[in-house]
Amino acid sequence: MIPPFNSVTQSGMLIILPSGVTTSDALATRRPVATHGLALAGIIGGVALGVCVVWLLVARIRLRKLKANVASTGTSESSPLLVQYQAPIDLQTHTAKLENDILLCSTCAKLDFFRILSYGIHELEPIPLGPLSSILEKSYQCSFCRLISLYVRRTRVLENSPHIDLSEIQCEVYTMLCGALRRGPHPPLRYGRRLHVTGKGLFDTHPDFRAAGSLIIHLMQEDAFKFRRPVDLHGRRVKNTVDIGLVKKWIKLCQENHGDECRNIWRTDRNLPGFVRVVDVVSMAVIPAPSGCRCVALSYVWGSAGAEYWTTKDNIAGRSTPGGLNAANLPDTITDSILFVRQIGERYIWIDALCIIQDDLQDKSYQLNAMDLVYGLSYFTLIAAGGKSARDPLPGCRPRTRTPQIHTEVVQGLHLFMAPPRHTEALAMSTWVTRCWTYQESALSCRRIYFTEQQVCFECQCQVFCEDIVGETKAKSSSSFLWHLRGEHFPFSSDLFWSYQLAVEKYTPRNLTVESDIVDALTGVTNALTVAFGLGDPARAFQYGMMLTDLHHALLWQHEPHTPRARRSLAEGGSSSWPSWAWATWRGAVIYMGRGVYRRTPIASTSNEASVDETLIDTWYIVDHSGDTVQLDVRRVSRVYWIEEEQPPIYSSPRGILDPTELTLDNHRPLQPGTLIFRTTSSHFGIVRRGSEENEEPGPVQHYGLFNILSTSSPPIWVGSVILPLDPALPTSIEFIVLSRCDSVDGLWDAGSLKRYHGCLLHVMAVRENEGLMERVGLGVVHIVAWVASMPEEKVVFLR
């Protein structure tokens with residue numbers, strides 16, 4: 001075997017040196033010598049030239065083999081995505097290329113990763129990589145296959161689904177732009193690209209793959225110069241401990257450049273109330289929040305951690321003195337949070353278990369009603385998303401508390417790494433995201449620092465920064481792919497009810513240890529909405545979690561179809577149940593129902609905009625917690641429709657304020673708090689379930705079904721649609737009451753018998769009556785013509 005040679009250029013001469021001969025040795029040979037020395041130099045030069053020729057011949061033979069392999073796949077040799085060798089060839093680069101190709105399988109060696117990352121592959125025209133089973137088999141010898149294999153192991157799909165047929169998953173690779181941190185024109189080559197590996201079949205649908213997110217492979221920052229790009233949005237190595245200086249930089253960038261956009265604009269003139277306590281991490285004491293103090297808040301999962309570290313009536317006095325808070329008695333999440341706040345250079349942190357007297361109901365009530373202030377005014381909120389309980393450490397806060405799983409491979413001379421799950425994906429797999437209390441803690445915070453298992457990420461109203469990606473910028477917004485991974489910020493829009501609706505739909509699928517906390521855990525959100533939209537007294541605007549100012553919209557919620565119909569358990573000592581018309585009364589997730597949902601079989605568990613075109617109830621009353629009946633201030637809606645030919649009968653809703661004698665039951669039975677009282681019309685219709693169980697798609701058991709509403713005529717016709725519980729079995733006829741009017745959607749009634757026109761549907765509630773009190777059973781829509789033809793009865797409803 002001919003040994004490799006080094007080359008040295010001096011005074012216009014190219015000298016090829018055998019391996020092991022240094023440059024200084026070569027220069028030393030140039031001292032004056034006899035003529036036989038010159039002859040020897042000529043011999044050496046001739047040998048070197050011969051070696052060069054041999055190397056070029058070997059390279060040419062190898063290139064012919066590679067091209068033959070490419071041709072055998074049916075792919076054009078001129079494709080810019082495949083390996084190309086064009087004259088003139090730089091021998092040193094070429095040699096390194098060949099050596100790197102040895103570390104690739106035959107499939108991956110055909111790809112030119114430099115060109116792929118330079119020019120990109122459209123996601124609609126991905127390059128096939130072969131079956132996933134083959135990729136896993138080749139991972140021990142191919143560096144690119146190894147990155148894919150590590151991703152599969154991260155998903156745990158092989159452990160959770162050992163019988164899955166991986167040969168059915170055909171993998172493909174394409175690229176997506178990373179975007180840019182700075183606005184303005186950028187030539188295409190200035191944009192970074194990331195590789196996406198996906199697979200047809202189970203790769204796209206299996207729950208373990210979906211939970212882990214896409215397999216994304218980034219180019220490391222040290223190779224950005226090879227593409228004449230800045231290091232922006234390229235990979236960065238994550239250390240075993242958090243880079244505190246980097247986190248400080250993130251906070252400073254936001255504070256100095258984002259202005260009011262990263263402040264809670266409806267709270268700028270507010271301070272924490274005097275009854276709110278904070279932890280002073282310098283004096284290690286629980287103290288009243290100093291006026292105007294800058295405070296950090298903590299969001300974490302209590303989990304199985306006991307009550308031994310809570311603040312109580314017995315220890316609050318001792319903890320209020322300097323040094324009175326003993327860190328040795330605190331669980332790791334809280335200890336690390338205090339340490340992190342010190343490292344960042346802040347002094348105060350709010351931690352619920354320490355700042356609320358846990359066995360004082362009055363203190364808890366005051367503190368919980370200030371959650372919108374605590375989190376809305378926080379300098380940033382520290383989110384412990386990497387643990388399952390308060391006993392788990394903050395990953396990376398201290399040595400040996402995290403092991404970053406960021407694996408790097410050298411592929412054709414380029415350093416590529418498998419990106420860890422983005423923070424949005426890590427949160428989706430966390431215990432933290434399943435808890436009701438953590439929802440408002442995140443939603444109300446303007447800045448959030450997430451501690452996930454793999455890394456720390458920063459998120460504000462304008463930007464997202466992560467340890468594994470170089471993404472720091474002064475800009476308020478950018479085209480960075482990280483920016484598009486921001487979580488929802490509250491409120492979601494300038495529309496009041498839309499913000500409320502989305503909050504409810506995101507909140508209710510989460511879990512509670514104490515079921516009766518369902519309203520308290522959302523009080524911060526409802527208080528913030530009250531202030532942001534000027535609703536006045538929060539206690540008047542919201543009750544039982546329901547927005548009373550938009551009651552006609554708020555009533556249009558529906559149970560998530562896979563949730564059994566069951567009431568929540570009240571706290572010990574509760575004197576009465578909550579009303580059936582409030583979603584908080586029932587266990588499980590709820591969604592708001594648009595008209596289109598009544599066309600679907602089975603019921604889709606997706607949100608639809610609750611549409612109300614006209615309010616048909618004139619006045620609303622509610623029995624408050626003191627037992628008094630008070631009138632509600634409900635916003636009215638009325639949309640004007642043009643007159644159509646052959647205008648069908650118009651529904652006339654009862655109007656006017658109720659007489660005091662109409663506000664009590666005939667049997668003079670006392671009304672329980674939460675009873676709604678209003679005048680509307682009532683009618684009975686037959687119901688029949690739509691479709692059959694045999695035709696339903698496989699999946700989780702559904703506890704609610706889609707029913708057709710049938711007219712009272714003979715023979716009956718289909719006049720509307722309703723969603724009702726399947727257990728217990730319902731009678732063949734059920735009572736409905738009118739709530740509001742909405743526009744029409746095809747497929748909700750028999751179009752051959754009833755014509756469609758604007759505003760021809762009524763939102764109706766299916767009810768069950770007992771001793772004068774009505775209970776909500778379900779929600780639906782009925783054609784106005786059918787409702788008028790049913791001869792409805794005007795009625796004062798006591799909805800409990």
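Reader: Before I look at any residue, what do buried and exposed mean here?
Author: Buried means under 20% relative accessible area, exposed means over 50%, and partly exposed is in between, with a 1.4 Å probe and protein chains only. His552, for one, counts as buried at 3% relative accessibility.

Reader: OK, and what sort of model is this?
Author: This is a predicted model, where local features need pLDDT of at least 70, side-chain atom pairs count only at pLDDT 80 or more, and totals for chains, interfaces and linings use all residues. Residues are numbered from 1 along each chain as its sequence is written, and side-chain values use heavy atoms, with hydrogens and water left out.

Reader: Back to His552, where is it?
Author: His552 sits in helix α22, residues 551-554. Helices (H or I, at least four residues) and strands (E, at least two) are DSSP runs, numbered from the N terminus.

Reader: Which residues does His552 touch?
Author: Leaving aside residues up to four places away in sequence, His552 touches Val612, Thr615, Val634, Arg635 and Val637. Contact means heavy atoms within 4.5 Å.

Reader: And what joins the side chains of His552 and His553?
Author: A polar contact of 3.5 Å. That term is for a pair of N or O atoms within 3.5 Å; within protein, one must be able to donate a hydrogen and the other to accept it, and residues adjacent in sequence count only if both atoms are side-chain atoms.

Reader: What about Cys742?
Author: The closest cysteine sulfur to that of Cys742 is in Cys760, 8.1 Å from it and too far for a bond. Cys742 is buried too, with 0% relative accessibility.

Reader: Now the backbone. Which peptide bonds are cis?
Author: Among them are the one from Ser714 to Pro715, with omega near -5°, and the one from Asp727 to Pro728, with omega near 5°. Pro715 lies in the loop between β25 (704-710) and β26 (718-725), while Pro728 is in the loop between β26 and β27 (733-742).

Reader: Why point those out?
Author: Because most peptide bonds are trans, and most residues other than glycine have a negative phi.

Reader: So what is phi for Met284?
Author: Phi of Met284 is near 55°, a positive value in a residue other than glycine. Met284 is in the loop between β7 (277-280) and β8 (285-288).

Reader: And Arg400, what is phi there?
Author: About 65°, also positive, although Arg400 is not a glycine. Arg400 is in the loop between β11 (381-384) and β12 (408-411).

Reader: Are those two buried or exposed?
Author: Met284 is buried, with a relative accessible area of 10%, whereas Arg400 counts as exposed at 80% relative accessibility.

Reader: Last bit, the whole chain. How many helices and strands?
Author: The chain has 23 helices and 30 strands. Of its 800 residues, 52% count as buried.

Reader: How much of the contacts comes from residues 24 or more positions apart?
Author: They account for 71% of the contacts in the chain with a separation of 6 or more.

Note on methods. A disulfide is a pair of cysteine sulfur atoms within 2.5 Å.
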